[in-house]
Amino acid sequence: MIVRIMGDGQVKLADSHFAELNALDDELLTEMESGDGPGFRATLTALLDKVRELGTPLPDDSLEPSELILPAPEASLEEVRELLSDDGLIPG
């Protein structure tokens with residue numbers, strides 16, 4: 001799956017990594033619902049760092065369609081809320 005981190009480029013990520021990412025996504029959703037700003041920031045950073053760690057970066061000039069778009073590292077709680085689906089940021 002091709003994943004875009006807004007403002008940070010794209011990575012190719014194997015589907016096998018999504019269980020691990022969903023655990024962080026669930027934690028992020030809980031923190032957002034409770035209004036835990038510091039927890040939200042730490043978990044968003046951890047989620048994006050994990051995507052970068054597990055994914056293979058695509059070249060900057062690559063024009064692959066993104067199947068999943070994640071917020072920028074500096075995104076606010078409100079901005080991330082707008083990107084959420086019923087499953088959170090990551091489907092599944």
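Is Lys50 buried or exposed? I started my notes with that residue. The model I have open is a predicted one.

**Entry 1: Lys50**

I found Lys50 in helix α2. Its relative accessibility is 18%, so Lys50 counts as buried; the cut-off for that is under 20%. I then looked up its contacts, leaving out residues up to four places away in sequence. Lys50 touches Glu20, Leu21 and Leu24.

**Entry 2: Gly39**

I stayed in helix α2, where Gly39 also lies. Gly39 has 13% relative accessibility and therefore counts as buried. I checked its distance to Leu28.

**Entry 3: helix α1**

Next I took helix α1, residues 18-34. What span should its 17 residues have? At 1.5 Å a residue I expect 24 Å. The end C-alpha atoms are 24 Å apart, so the model agrees with the expectation.

I listed the buried residues of α1: Phe18, Leu21, Asn22, Leu24, Asp25, Leu28, Glu31 and Met32. I kept one rule in mind here. An α-helix has 3.6 residues a turn, so residues three or four places apart point the same way.

Which elements do the buried residues of α1 pack against? I noted β1 (2-5), α2 (37-54), β4 (68-70) and α3 (77-83). Two of the names from Entry 1, Leu21 and Leu24, are on the buried list.

Just after α1 I stopped at Gly35. Gly35 takes a positive phi of about 75 degrees.

**Entry 4: the whole chain**

I stepped back to the fold. The protein chain has three helices and four strands. From the N terminus on, I read the order as β-β-α-α-β-β-α.

Then I checked the overall dimensions. For 92 residues, a compact globule would have a radius of gyration near 12 Å. The protein chain has 13 Å, which agrees. Along the principal axes, its C-alpha atoms fill a box of roughly 40 × 25 × 20 Å.

Of the 92 residues, 39% count as buried. Among contacts with a separation of 6 or more, 68% come from residues 24 or more positions apart.

Last came the surface and the charges. The accessible surface is about 5,200 Å², and 52% of that belongs to carbon and sulfur atoms. I noted 6 positive and 21 negative charges. Their mean positions are 4 Å apart.

Methods:
Residues are numbered from 1 along each chain as its sequence is written. This is a predicted model: local features need pLDDT of at least 70, side-chain atom pairs count only at pLDDT 80 or more; totals for chains, interfaces and linings use all residues. Side-chain values use heavy atoms; hydrogens and water are left out. The expected span of a helix is 1.5 Å times one less than its number of residues. Buried means under 20% relative accessible area, exposed over 50%, partly exposed in between (1.4 Å probe, protein chains only). Contact means heavy atoms within 4.5 Å. The radius of gyration is taken over C-alpha atoms; the globule rule is 2.2 Å times the number of residues to the power 0.38. Accessible areas come from the Shrake-Rupley method with a 1.4 Å probe; for residues, only the protein chains shown count as cover. Lys and Arg count as positive and Asp and Glu as negative; His and the chain ends are not counted. The place of a charge is taken as NZ of Lys, CZ of Arg, CG of Asp or CD of Glu.
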